[in-house]
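Let's take a friendly walk through this model, from the overall fold down to single side chains. Have the sequence and the 3D view at hand as you read.

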Amino acid sequence: MIFLVIGIGFTLIGLLFSIFPAKYDNLVYGYRSYLSKMNELNWRYAQRISGMYFLLFGLLMAVIGLVLKLTGNTNFFIIEMILIPFPIVVSFGLIEERLKAFDRKNRGEENEYLDD
């Protein structure tokens, strides 16, 4: 059941980020990280990519939750609680990897500031 609820939440966030991306850096709405706040180009790219990944991983978690619910395997609350961070961490990791590659491509290697 946890996968279903969190999957639906991630899907809704992904849809919001995809349909209504944050126009500028603010404290309330949008994907905020060190790389996304570097410049306006990174910010726009981060909003587009995060919406896509949140939607993808939200749908994946919702489908897993729905399958567990339909098959009657809802007694595995502790296992779900242990496993739920993995797709979330993977989605944030993939977003940051893509953003790091995008930043390197647009800024050039001579301006490298990460992995020093």
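Among contacts in the protein chain between residues at least 6 apart in sequence, what percentage join residues at least 24 apart? The figure is 70%. Please keep in mind that this is a predicted model, and that the values here are computed from it.

**Overall fold**

The protein chain has 4 helices and 0 strands, so reading along the sequence gives the pattern α-α-α-α. Its C-alpha atoms fill a box of roughly 55 × 30 × 20 Å along the principal axes. Of the 116 residues in the chain, 34% are buried. The accessible surface comes to about 7300 Å², and carbon and sulfur atoms account for 71% of that.

In soluble globular proteins, nonpolar side chains tend to be buried together. Here, the largest nonpolar core has 17 residues, and Tyr31, Phe54 and Ile95 are those with the most contacts inside it. Helix H1 (2–19), H2 and helix H4 (85–107) each supply at least two residues of this core. H2 gives the largest share, with 7 residues.

Leaving aside neighbours within four places in sequence, Phe54 is in contact with Phe10, Thr11, Ile13, Gly14, Phe17, Tyr31, Ser91, Phe92 and Ile95.

**Two residues of helix H4**

Ser91 lies in helix H4 and is buried, because its relative accessibility of 0% is under the 20% limit. A polar atom of the Ser91 side chain lies 2.7 Å from the backbone oxygen of Ile88. Beyond neighbours within four places in sequence, Ser91 is in contact with Phe10, Phe54 and Phe57.

Leu94 is also found in helix H4, but this residue is partly exposed, with a relative accessible area of 33%. Once neighbours within four places in sequence are set aside, Leu94 is in contact with Tyr53 and Phe57. The C-alpha atoms of Leu94 and Ser50 are separated by 9.1 Å, although the two residues are 44 apart along the chain.

Side chains of opposite charge can pair when their charged atoms come close. How many salt bridges does the structure hold? There is 1. Arg44 forms a salt bridge with Glu40, their closest N and O atoms being 3.6 Å apart. Both residues lie in helix H2 (residues 40–70), 4 residues apart, which is about one turn of the helix. Arg44 is partly exposed, at 48% relative accessible area, and Glu40 is partly exposed as well, at 38%.

Phe76, Phe77, Ile78, Ile79, Met81, Ile82, Leu83 and Phe86 make a nonpolar surface patch of about 800 Å². Which helix gives the largest share of the nonpolar patch? That is helix H3 (residues 77–83), with 6 residues. One of the patch residues is Ile78, which is found in helix H3. Ile78 counts as exposed because its relative accessible area of 57% is over the 50% limit.

**Accessibility at a glance**

The residues discussed above can be set side by side:

| Residue | Relative accessible area | Class |
|---|---|---|
| Ser91 | 0% | buried |
| Leu94 | 33% | partly exposed |
| Glu40 | 38% | partly exposed |
| Arg44 | 48% | partly exposed |
| Ile78 | 57% | exposed |

Definitions and conventions
Residues are numbered from 1 along each chain as its sequence is written. This is a predicted model: local features need pLDDT of at least 70, side-chain atom pairs count only at pLDDT 80 or more; totals for chains, interfaces and linings use all residues. Side-chain values use heavy atoms; hydrogens and water are left out. A salt bridge is a side-chain nitrogen of Lys or Arg within 4 Å of a carboxyl oxygen of Asp or Glu. Buried means under 20% relative accessible area, exposed over 50%, partly exposed in between (1.4 Å probe, protein chains only). A nonpolar core is a set of buried Ala, Val, Leu, Ile, Met, Phe, Trp, Tyr and Cys residues joined through side-chain atoms within 4.5 Å. Contact means heavy atoms within 4.5 Å. Patches are made of residues with over 30% relative accessible area and no salt bridge: like charges are joined within 9 Å, nonpolar side chains (Val, Leu, Ile, Met, Phe, Trp, Tyr) within 5 Å. Accessible areas come from the Shrake-Rupley method with a 1.4 Å probe; for residues, only the protein chains shown count as cover. A polar contact is a pair of N or O atoms within 3.5 Å; within protein, one must be able to donate a hydrogen and the other to accept it, and residues adjacent in sequence count only if both atoms are side-chain atoms.
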